[in-house]
Structure formats: C-alpha cells, structure tokens
Amino acid sequence: MAVGVIVIIAVVAGIIILLILISAGLYNSIISLRNKVDNSWHQIDVQLRKRYDLIPNLVETVRGYAEHERETLEKVINARKMGIDAKTVKDQSEAENMITGTLKSLFALSENYPNLKADQHFLRLMEQLNGIESNIAYARQFYNDMVMRFNTRIQTFPGNIFARMFGFNSRDYFEIEEAEARGPVKVSF
Amino acid sequence: MYEHISKNRAKTVFIIIGFVIFITMVGFALGFYLDYRYGMSSNYSILFMVFALIIAIIMSFSSYYYSDKIVLGITGAKPVSREENPRIYYMVEGLSIAAGLPMPGIYMIEDNGMNAFATGRNPEHGVIVFTRGLLDNLNDQELGGVISHELSHIKNYDILLGAIIVVLVGMIAIISNIILRSFIFGGGRRRTSRSSGGGILSIIFLVLGLALLILSPIIATIIRMAISRNREFLADSTGAMISRYPAGLANALKKISQHSQVKTASNATAHLFIENPFGSKAKAAFSNIFSTHPPVEERIKRLERMSLGVGI
C-alpha cells in the first residue's frame, strides 16, 4: 500500500519535473532566438551607420561639380536624416529604401558630368557605397531569416502559449517598399 | 544542422580521447620494453606511461589551440591584406554577414590550381584559404558560391574536427612510424647481443610491431570515417542558403574539377579542401568508397536540383 503511494508520487513528480525542463528549454530557445533577431538588427545598423558617414562626404564632392543640382542633393540629405531619426523597423526600412533610391538618382545625375565621373575621390566613394549597399542587402537577408525563425517559433504550438504568457510579439521583416524594385523595369530610349 | 554540429563535437572529443589512450599505450609499451631489457626491478613501464599521458594531454590542448596555425603552415598559406585584394574582402565580408558569422581571416596559397578550404577552432577564429588560381579564374557569382561553402564549414564546426584530425592523426602516424623502425632495429641488436631468453616477450614485440604496421591504413580509414562525405553535401546546401544562388557553386565546381591540384596538399590535409587537391582524375584510380570527397558530378547534380536549373 505505502509502496504504491510512493510510486505514484514519484511518477507524478517525475512528469512535473520533465514538463518544467521541457518548458525551460522552449523558453530559453525563444529568448535566444529573440537575441539573435536583435543582434542581426544591430548588424544592419552597423552597415547603415557606415553609409550615413559616407553620404555627407559624397554630397560635398558632387556639389563641387554640380552646384545647381540642389534638389537631388537635398533629397539625399533629407533621406539620410530620416534614416538617422527612425525609431521602428518599419520607419527604418522606409528611410533606407528612400536613401537607396535618392543615391541612385545621384549616380544617374553624375552621368551628365564627365569631370565628376573622373574624380578619384568620387570613384572611391562610389566603390565603398556599392560594397556597403551589398552588405546591407546581406545583413537584411540574415535579419529576415532570423525574424522568420523567431516568428515561426512563437506562432506555432507550443511556442504560441509561451508567447501569450510572456508577451512575445512577432517582429517586422525588413522589407523593400520601393515601387521601382517591385514593379516591372521600364526601359526608355 | 545543429545535429551535425553536436556530432562534430562528439567526434572531436572521441578522436582526442583515442589519441590520449594511444600515446599512453605507446608510453607503456616503451617502458615495458626497457623493463624487459634492463631487468624488471626498474619501474619504467609505469613511469613512461604517466609521462606519455601528460605529454598526450598537453599535445591535445595545444592541438586545439594551434591546429589551425599548423594547417596554415604546412599548406604554405599566407595572409592577404585588404589592399592587395579588395574584391575578396568585399565578398567575404558581405557573405559572412549573410551567414551571421564574424569576418574570417583570409589567406592565400600561391598555386595555379583552383581550390579552397576553411580552418580554425571556432567561428571567432575562422580562416578561409584560397589558391591564387581560384581567385584569378572564378567570376563573382562562382567565387560567392565557394565562399558560402567555406563559411558553412565554419558554421558547422567542420573546421575544428578537420584541423584536429590533421594534427593528432598525423602525429600518430609519425610516432607509429618511429616506433616501428626502432623495434626493427632494436630487435636486430638484441638478437645478436643476447642469444637466449625472453622467447615469449620477443613474440609479443613482434605482434606489437605488426599491429603498428597495420595501424597506418586504419588511421587512414578513421580519417575517412570521421570526415563523412556527407559534410561536403551539407556545406554545399547550407552554402546555397547563404548565397541564395546554388548555380554559382555548381558552376564553380565545374571549373574547379578541371584543375583542382594543389602542390602543397598532402594525405593529411586532403580532406580539408573543397575538391580533391590531387585532381579529380587521380580519384578515379582509387575506389570511390575510400575517397574523402564525393564525386563532383553528384554534387553539381544536387545543386542543380536546388536551383531548378536557373543560371546554369
């Protein structure tokens, strides 16, 4: 009789301990994924800062050759300011898409100024910006991969129970909002 | 993938333990031999065993920390600066961001053959080595495929296992070679100086010598077993996830397989490379089962299936 009771208690205690261990593992995996998302966001940030640092330099160089293209230059500066001030992922991705777009029109504009195109300083800045641009794309790819894993974990069973208990929210993807990038490419001669 | 990482860790520990046991046994055998020659009263066997155990443990620790440097040394790889080759720096930087890894060191082997490998004890100390031929002959997309493949080896901890195997197993091969030779010479001298006595012991030594002789091919088999050709397939597919362009690596492998010979590669380091450094032709001569690399045609076929033929 006494032995039977002890066995039952032991089994129940064992099941409870097992459940605690499983939920601890799950909780930890969610936290570690969330940290990975944060860290990968930081990686994008590092690349964005590098670009912010280059833009004033670039604008000054272009201004030296193309003083009256003020409108385009101002757009670049404003987009940069928006990016620096951005607080949320959504704002940030919008601002970044704008910077990429304005930089593109700046480069297109340089086609009209042969002296500018031949400037060594300008060429080096272009090369650096291209490198950073592709790094941003890779960083965004990694960030989105991490967001996908995090969101999947907290939206599927049993992670969704934890998410509701501890208030984990799905993260936003870093999206390309640019109309040009989505729509078909227009070619005009 | 996480399963693969923990498997790699287990194999690394297994190989280190095997190494320590082997060296300790060698120490014991050596002491036992000296005991036999100079009388049993001197406890050389225990002394040598303890001594060998300490040495083996020190060697294991130092192989963990220095195996990557030894690998770089014996393959003749030299560091490349950003100024010398900005292209490779830009590409590795971008792809390591995509893989979520710290920027690895970049080294180069002065060889016209096209090949590459990764080494290091963990991602923080990762190194990717390219041959000059590879950097000169591949376009950006193909090079991106190769870099992603090597970054996957870093991510999967294949690099630690690979480097430890080079050092520890290579060391066992050298030691067993020395012992075998000393037994042959020692045995000859003994027979002339002492005409009688120790019939059973001399048989034991003969058996031990034969066992060591058999050991070399066994070591080679251990390398091949531990490495498992699957890891190349796994690195190919993980790499395609990083570059998002499987066709890049497929096209690179097509080029590399035409001319993959690296002069500084040896049997000890062959398993590290992205493609057999003795050339794909050399592989055909051996049985496929024992080669360290899966057939390149099979790898290309799998990559093509991933990319649905786009870009090939």
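This is a predicted model: local features need pLDDT of at least 70, side-chain atom pairs count only at pLDDT 80 or more; totals for chains, interfaces and linings use all residues.

Biologist: At what angle do the axes of helix H5 (residues 120-155) of chain A and helix H6 (residues 159-166) of chain A cross?

Modeller: The axes of H5(A) and H6(A) cross at roughly 90 degrees and come within 5 Å. An angle of 65 to 115 degrees counts as roughly perpendicular, and H5(A) and H6(A) are therefore roughly perpendicular to each other. On the H5(A) side, the contact is made by A:Arg153, A:Ile154 and A:Gln155. H6(A) contributes A:Gly159, A:Asn160 and A:Ala163. Sorted by class, this contact has two nonpolar, three polar and one charged residues.

As for confidence, chain A has an average pLDDT of 84, and 92% of its residues score at least 70. Within chain A, helix H1 (residues 2-65) has the highest confidence, at 89, while helix H7 (residues 179-182) has the lowest, at a mean of 49.

For another helix pair, you can turn to chain B. There, helix H8 (residues 230-243) and helix H11 (residues 296-307) pack at an angle of about 30 degrees, with their axes 11 Å apart. That makes H8(B) roughly parallel to H11(B). The crossing of H8(B) with H11(B) is right-handed. Among the residues making this contact are B:Phe233 and B:Asp236 of H8(B) and B:Arg302 and B:Leu303 of H11(B). By class, the contact of H8(B) with H11(B) has four nonpolar, one polar and four charged residues.

Finally, the two chains meet: seven residues of chain B are in contact with nine residues of chain A. On the chain B side, four of these are nonpolar, two polar and one charged.

Key:
Residues are numbered from 1 along each chain as its sequence is written. Chains are lettered from A and ligands numbered from 1 in the order in which they are written. Ala, Val, Leu, Ile, Met, Phe, Trp, Tyr, Cys and Pro count as nonpolar, Asp, Glu, Lys and Arg as charged, and the others, Gly among them, as polar. Axes are lines fitted to C-alpha atoms, for helices over the stretch in contact, and angles run from 0 to 180 degrees between N-to-C directions. Helices (H or I, at least four residues) and strands (E, at least two) are DSSP runs, numbered from the N terminus. Angles under 35 degrees count as roughly parallel, over 145 as roughly antiparallel, 65 to 115 as roughly perpendicular and the rest as oblique. pLDDT is the predictor's confidence in each residue, from 0 to 100. A crossing is left-handed if the near helix is turned anticlockwise from the far one by less than a right angle, and right-handed if clockwise.
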